[in-house]
Amino acid sequence: MQLAQLLLFLILFPLITAVFMFFAKKDMERAWIVKLSALVIGIVSVYLLISTYDKGALLVSAIPSEPVTLIMFIIEMLIAVFILYLGIVHKKYIVVALILVQSVMMLYFELVYAHSVEVSSNLFIDEFSNIMALIIGIIGSLICVYSLGYMKFFHEHHPEMPDKRTTFFFVMFVFIAAMFGLVFSNNILWVYFFWEVTTLCSFLLIGYTKTEEATNNAFNALWMNLLGGVAFAGAIIYLAMFGNGVMGLDTLLASGKVIALIPAALIGFAGLTKAAQLPFSSWLVGAMVAPTPVSALLHSSTMVKAGVYILVRLAPIFQATFTGYVLAMIGALTFLIASGIAVSQSNAKRVLAYSTIANLGLVVACAGIGTYEAIWAAILLIVFHAISKSLLFLSVGTVEHRIKSREIDDMNGLIVRMPKIAAMMVIGIAGMFLAPFGMLISKWAAIKAFIDVPYGFVFVIILAFGSAITLFFWAKWMGKIITVTSDSKNIEGEVDHSEWTALTSLAGLSLITTLVFPLLSTKLLEPFLMANYGHVAQLSQDNIIIMILMLLLLVIMPLSILIPQRKHKHVSPYMGGRTTTTDMRFSGSLGVQKKTVLSNYYLHEYFGEAKLRPAGIWLCSALICIMFAATALRGVIL
Amino acid sequence: MINIVWGIVFVLVAPLVGGLIAGIDRKITARMQGRVGPSILQPFYDVGKLFEKEQTVVNETQTFYAICYIIFMIFTGALFFASGDLLLVIFALTLAQIFLVLGAFAANSPYSYVGAERELLQIMAYEPMVILTAVGMYVATKSFNVSDIAATTTPVILLLPGIFLGFIYVLTIKLRKSPFDISTSHHAHQEIVKGVTTEYSGPSLGLIEITHWYETVFLLGFVYLFFGFNPLIGVAAVIVIYLLEILVDNTNARVKWQFMVKSSWLIAAVVSVVNLAALYFLFGGVS
Amino acid sequence: MTYLAKSPWIIHYDASSCNGCDIEILACLTPMYDVERFGIINTGNPKHADIFVVTGSINEANREVIQNIYNQMPDPKVVVAVGICACSGGVFRECYNIAGGIDKLIPVDVYVPGCAARPESIIDGIVTALGILEEKRKNGISSPMVTDHDHKAHHKHAEGGAQ
C-alpha cells in the first residue's frame, strides 16, 4: 500500500504543482512554488530509492485498471482533437494524417479489445525504474529551478517575445509527471498514454517562442514522434489480437520471443523516433531553438531517455535475434554518423544535440545486443549521460545569456570571463569522454559487452571510430574554454542564484556519481541484471581502485592552483617576432594593425552535415525496413 | 593482479631508457644523413639545460597542464607495466595527451593553437587503431590484462598480423615521426614553429621532453605484447621496429593531415575487419 | 659544469642581411661542419633558445622584432652578431635606413666579423658564446627586458604601429 502511494505521489504531485502555476500572480510566488516543489520531488525520489532499492522488482496491484485506463483514453482523444485542430490551422497535413490514423487505431482498440485485456499490476518499481526516477526527480527538478533564473533573463532581454512563463512551467511539471508515470507503468496502455503526453509537452515547449522557425520545428518533432506513436498503437493492437491478453511489460517479457518480437519491434521503433535516432534525427537538432532548459530537460536528459528506456526494458526480447542485431546496427551507425556531424558544428547547442543523438545511439546498440553486459553498459550510459549533458546544456544557456552568442568560437577565453561556469563546463565535457569519468566507464563496458557476442567485432570497430571522433570535438571545445586571454574581464557576477544552484549541484553530482558508481553497480545494477538475465557484470576490484585514484588525482591537481607560487616572468606569445597588444593585435605588413582570430577546425568538407546526414538517413531507413521485414517473417514463419 | 613493483621500476627507469633511445635515435639519424651526430647522452644534456633555464610563461596555467601531462603519462606507463587493464591504460594515455593539447590551447598563441588542433587530428587518426589493437589482444588471448597477454604462450603476432601492421602504421604517428609529425616535430624545428610546445620554455619544456621518453618506453612495451610468447624475439622485434621507424622518419616527407587521417582510418578499418573476422570464423568466435 | 654548454640551442634571425652570412650559418648545419654534434639545434622559437644569432643591421622594420625575440628568450642568454653588418653596420653604416650594428639595440656578447663570415669563425664565435653563457649562469646574471622608449620619443612611426 505504501509503495502505491509513493508512486502515485510522484506522478500526481508535479501535476498539482503544474496547476498551481496558474495561481501564482507574481514571479516571486512562482519561484517559491517551483523551488519548494523541486525540493519535495527530489526528496521523495531519493526516499523511494532508499525504501525500495534492495527489494527487487515490486509490482503494485492496488491501482485499478478501470476507470484509470478509460480516463487516459478520453484524455488521449482530447489531445488528438487539439493536435488535429492545430495541424489543420497550421496546414501541417502529415501531422493531421498521423494523428487521425493513430486515433482511429486507438479507438478501434478501445471499442473492440479494451474489455478483453487484463493487467493485474499497473504500476511497478524495480532498480532500473528507480534509477530513472532519480534522474527525473533530481535532474528534472534542478532544471526547473534553473529555469526560473533563465526564463527571467530571457524575457527581460527579449521583450518582443510573449511572456508565457506560466504555461511554460505548467508544461514542464506536467512533463515531469508524465515521465514518472512512464517509468512506473507496467501496463503498456499506460506507458503509451504517458508517452503521448511527453510528445505533446515536447511539441508545446519547442514552439514556445512562437517564431516561425520554432513552430515549424515543433511540428517536425510532432510528426516524427507521432509516427512512433502510430507504431506503438500498432503494437497494442497486435498484442490485443494475437497476444493472449498480454498487456503488461512483465507479462510481455515473460511471454517469449514468438509472441513478443513483433510488438517489441514496433515499440522499439517508437523508441527510435523518440530518441531521435537516424533517420529521425532532425527533430532533435531543430528542437534546439527552444529555450535551453527545454533542451536540457526534454532533449537530453529525460524525454529522449524514455525512448532508450523502453528499448532497454525490451532488451531481453531482442537478445540474440536478427531484429536485435539490426536495431543495434541502427544505433551504432547513428553513434558514428552523429559524432561525425558534431565535428563540423560550430553552434554549441547543435554540438550538444548531435552528441546526445550519438550517445543515445550507443545505448540503442547496447539494447539491441541485449546481453547482461550490454545492458549494464546501457544503464550506466543513461545515468552518466543524463548528468553530464544536462550540466552542459545549462552551462551553455547561462553562458549564452552573458556573451550573447551560442558559437563555440565566441567562448574563447571563457575561463577568464566566467571562471566558475567555465570550470563546470570543463567538468561536463570531461564527463563526456575522459577517463575516469562516467561516460568513459560506460564506453569501456560497451566495448567489453560487444566483443563477447557473435559478430560483435563489427560493433566494436564502429564504437572505436565513433569514440575517436567524439574526442576530437569535445577536446577542441574544451581548448577554447580554457584559453587564457589576457584582456577579458569577469562577467560572472550577474548570474542568477537559481542558475548557480542548479549548475553547482549538477557538477557536484557529476563528480560524486563517478566516485560512487561501484556502489550504484553493486546495489542496483547487479540485482537488476541477476533478476532479468541470471548473470552479473561488473568491473574488477583493481580497476575500480585505479579509477578512483585517477579521479582523486584529477580533483586534487587543480587545487594546486591555490598554492601561492612564485610568479614567473611573463612574456607574450610568439608571433614571429611581431609585437602584440594584450588582445593579440599585431602590426602587419605596411604598418596596418591586424587582429588575430583563432577558430576551431570544423572540417566541413569531410564531416559536414550535408554529406553525412543523407548517408545516415538512407542507411538507417534501409535498416529499419530490414528490421521490420525480418521481424514479420519470423513472426509469420514461427 | 596489480604488480606495484614493476610500476615503480617503470617510474624510475623509463626516463633513463627513453632518453637513451632518443639519443640513439639522433645518432642513427645523423649517420643516415652522413653526419657525425651528437652523443647518445645528448637528450639528457638537453633536459638538464632546460632545467637550468629561467621559467618564463605566457600565463600561469601552462605549467599546470605540463605537470598534469607528465603525471598522467607516468600513471599510464606505470599502470601498463604493473599489469593493469589494457583498455584502461589506453584511456589513461588519452587523458594524458589531452593535457598536452590543453596546455597548447591555453597559451592563446596561433602556433600552439594550430599545433593543438593538429595534435587532436593525430589523436583522432590513431585512436581507433589503438583501441582495436587492445580488442584484438583480447580476442587472441581472452584477456585484457597486460601480464596475461605478456605471459601467454599463444603467438599473438601470428593471430593478429593485420592488426600488428595497422598498429605499426599508427605507431609512426604516436612516436611523432615523419611523415606524421605534423603537430610537433623533432626534425622540422620550424614547422609551425614548435607546434604544441611553442610557448613552453625552461623546466616545463623539460618536463614535456621527459614525458615523451616515458611515452616511448610505454609504446615499445605495447609492441612487445605482440611477441610476449618469446621474450627474446620480443625484444628483437621491438628493436627492429624502432629502427624501421627511424628509417621511415628519414626517408619520408611530412604529409597533410587529410592523408594522415584518411590513411590511418582506412588501414585501421580494413585490417580490423579482416583480422577480427578471420579470427572469429577460424576459431568459432569468442565466448 | 653546467648543461648549458653541452646543449646550446640557437635562434637565428636575419635582420637586414644580404643572406650571405645566413648561408654560411646554414652551412654549419650541413654534414661538412655538423654543429649538431655539439648539441646545437636551430630552433625557430626564442622561448626554446639560448643563443641569439643575428646577421645584418638594424633598420626601422626589424627594430621591434629583434627586441621582441630577445625579450622572449629565457635567461641565461647570449647574443652573437655574425657578419660585419651585424657588428657595426658594415658598408651600409652611413645609409639613411640603417641604424648600425645590433649592439645599438640589444647587448651583444660575441662579435663575429666577416663578409661573409666563414663557418669556422661562426663556430668559433658560438663556442666563445658558450663560455660566456656558463659565466652568466654561474653568476646568476639576468638580462633586463629591452624596450624602445628613447627611439619612439625621437622618431615618428608609420601609422598603426603596435605598442
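## Backbone features in chain B

Arg176(B) sits in the loop of chain B that runs between α8 and α9. The model described here is predicted. In it, phi of Arg176(B) is near 55 degrees, a positive value in a residue other than glycine. Arg176(B) is also buried, because its relative accessible area of 5% falls under the 20% limit.

Pro179(B) belongs to the loop between α8 (161-174) and α9 (202-225) of chain B. The peptide bond that leads from Ser178(B) into Pro179(B) is cis, and its omega is near 5 degrees. As background, most residues other than glycine have a negative phi, and most peptide bonds are trans.

## Backbone features in chain A

A cis peptide bond is also present in chain A, where Glu66(A) is joined to Pro67(A) with an omega of about 5 degrees. Pro67(A) is placed in the loop between β1 (58-60) and α3.

Lys91(A) has a positive phi, about 60 degrees, although the residue is not a glycine. Lys91(A) occupies the loop between α3 and α4 of chain A. With a relative accessibility of 58%, Lys91(A) counts as exposed, since the threshold for that class is over 50%.

His115(A) is located in the loop of chain A between α4 and β2 (123-125). The relative accessible area of His115(A) is 62%, so this residue is exposed. His115(A) and Gly245(A) are 130 residues apart along the chain, and their C-alpha atoms are separated by 10.0 Å.

## Helix α21 of chain A

Helix α21 of chain A covers residues 456-482, a total of 27 residues. From its first C-alpha to its last, the helix reaches 38 Å, close to the 39 Å expected at 1.5 Å a residue.

Of the 27 residues of α21(A), 26 are buried, and the helix is therefore largely enclosed by the rest of the structure.

Rolling a probe the size of a water molecule over the atoms shows where empty space is left. Across the whole structure, the search returns 10 cavities of 30 Å³ or more. The largest cavity has a volume of about 130 Å³.

The lining of the largest cavity consists of 14 residues. Those nearest its centre are Glu76(A), Ile99(A), Gln102(A), Tyr192(A) and Glu196(A). By class, the lining comprises 9 nonpolar, 3 polar and 2 charged residues. At least two lining residues come from each of the helices α3 (68-89), α4 (93-112) and α7 (188-206) of chain A. The contribution of α3(A), at 5 residues, is the most that is given to this lining.

## Phe10 of chain B

Phe10(B) is part of helix α1 (residues 4-32) of chain B. Its relative accessible area is 5%, so Phe10(B) is buried. Setting aside residues up to four places away in sequence, Phe10(B) touches Pro15(B), Ile74(B), Gly77(B), Ala78(B), Phe81(B), Tyr214(B), Val217(B) and Phe218(B).

Leu159(B) lies 149 residues from Phe10(B) along the chain, and the C-alpha atoms of the two residues are separated by 29 Å.

Chain C contains 5 helices and 7 strands. Read from the N terminus, its elements follow the order β-α-β-β-β-α-β-α-β-β-α-α. Chain C has 163 residues, of which 55% count as buried. Among contacts in chain C between residues at least 6 apart in sequence, 82% join residues at least 24 apart.

Arg37(C) is in the loop between α1 (20-29) and β2 (41-42) of chain C. With a relative accessible area of 35%, Arg37(C) is partly exposed. Leaving aside neighbours within four places in sequence, Arg37(C) is in contact with Val36(B), Gly37(B) and Pro38(B). Within chain C, Arg37(C) and Lys6(C) are 31 residues apart in sequence, while the distance between their C-alpha atoms is 9.8 Å.

Technical notes:
Residues numbered from 1 in each chain as written. Chains lettered and ligands numbered in written order. Predicted model: local features only at pLDDT ≥ 70, side-chain atom pairs only at ≥ 80, totals over all residues. Heavy atoms only, no water. Helix = DSSP H or I, 4+ residues; strand = E, 2+ residues; numbered from the N terminus. Expected span 1.5 Å × (residues − 1). Buried < 20%, exposed > 50% of the residue type's maximum accessible area, 1.4 Å probe, protein only. 1 Å grid on protein atoms, 1.4 Å probe; cavity = no way out; pocket = protein on both sides within 12 Å on 5 of 7 lines; lining within 4 Å. Points joined across faces, edges and corners; volume = space filled by probe spheres on them. Nonpolar A, V, L, I, M, F, W, Y, C, P; charged D, E, K, R; others polar. Contact = heavy atoms within 4.5 Å.
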